[in-house]
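Here's a quick walk through a fold, starting from the inside and working out to the loops. Have the viewer open as you read.

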Amino acid sequence: MEGQGREERLDQLGRIAERALRAVTGPGDTLYWLDWQHIGYAFEPHRVGGPGRPKWPGSVYPDGDYHLYLDPGLRFGTFGHPWEHTLCVFGASLPAVVEAELTGLLGDPVRRRD
């Protein structure tokens with residue numbers, strides 16, 4: 001995520017993640033956002049991030065700490081690694097929802113396990 005246009009790419013990455021996490025959850029479903037050095041959040045993706053709504057918690061890409069979005073049952077989520085500068089997207093449904101957009105933004109995956 002280094003280089004020119006970094007902030008724009010981070011914003012775009014956040015929008016992709018938010019859309020995907022909403023796509024794989026239903027109204028009333030909860031996700032967790034965790035940052036190992038800070039307070040975590042439980043939130044409903046369909047009730048945040050829009051006009052008149054609370055802000056979407058956290059970010060998908062790490063800023064020095066590990067960042068995770070997790071389904072309470074650990075069925076899917078994201079894991080941002082701060083030293084590798086990587087983003088792991090896992091689960092049965094989430095990778096398919098974001099694959100094309102993430103590859104377009106970030107390039108080919110560093111690692112893949114099907």
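Leu13, Ile16, Ala17, Ala20, Leu21, Val60, Thr78, Leu87, Val89, Leu94, Val98 and Leu102 line the largest cavity. Helix 1, strand 5 and helix 2 are the elements that each give two or more residues to that lining. Helix 1 has the largest share, with five residues. Helices (H or I, at least four residues) and strands (E, at least two) are DSSP runs, numbered from the N terminus.

Before going on: this is a predicted model, where local features need pLDDT of at least 70 and side-chain atom pairs count only at pLDDT 80 or more, while totals for chains, interfaces and linings use all residues. Residues are numbered from 1 along each chain as its sequence is written, and side-chain values use heavy atoms, leaving out hydrogens and water.

**Cavity and pocket**

The structure holds one cavity of 30 Å³ or more. On a 1 Å grid over the protein atoms alone, a cavity is a set of points where a 1.4 Å probe fits but cannot get out; a pocket is an open set with protein on both sides within 12 Å along at least five of seven lines; lining residues have an atom within 4 Å of a point. Points are joined across faces, edges and corners, and the volume is the space filled by probe spheres set on them. For the classes, Ala, Val, Leu, Ile, Met, Phe, Trp, Tyr, Cys and Pro count as nonpolar, Asp, Glu, Lys and Arg as charged, and the others, Gly among them, as polar.

| Space | Volume | Lining by class |
|---|---|---|
| Largest cavity | about 60 Å³ | 11 nonpolar, one polar, no charged residues |
| Second largest pocket | about 280 Å³ | seven nonpolar, three polar, five charged residues |

Of the 15 residues lining the second largest pocket, Leu10, Gly58, Ser59, Val60 and Tyr61 lie nearest its centre. Helix 1 (residues 6–23) gives the largest share of this lining, six residues. Val60 also turns up in the lining of the largest cavity.

Five strands make an open sheet in the order 2-1-3-4-5, with antiparallel pairing; two strands pair if DSSP finds at least two bridges between them. Strand 2 (41–43) and strand 5 (86–91) are the edges, each pairing on one side only. From one strand to the next, the twist averages 10°. Helix 2 (residues 94–106) packs on the sheet, touching strand 4 and strand 5 (contact means heavy atoms within 4.5 Å). The direction of helix 2 makes about 145° with that of strand 5, with axes fitted as lines to C-alpha atoms, for helices over the stretch in contact, and angles running from 0 to 180 degrees between N-to-C directions.

Strand 3 (residues 67–70) is joined to strand 4 (residues 76–81) by four bridges, and strand 1 (residues 31–35) is joined to strand 3 by four bridges. Trp33 stands opposite Tyr69, while His67 partners Gly80 and Leu70 partners Gly77. Strand 3 is covered on both faces: His67 and Tyr69 on one side, Leu68 and Leu70 on the other, are all buried (under 20% relative accessible area; exposed is over 50%, partly exposed in between, with a 1.4 Å probe and protein chains only).

Leu74 sits in the hairpin of strand 3 and strand 4, which has five residues between the strands, and takes a positive phi near 60°. Leu74 is exposed, at 57% relative accessible area. His85, in the loop between strand 4 and strand 5, has a positive phi of about 60° although it is not a glycine. His85 is partly exposed, at 43%.
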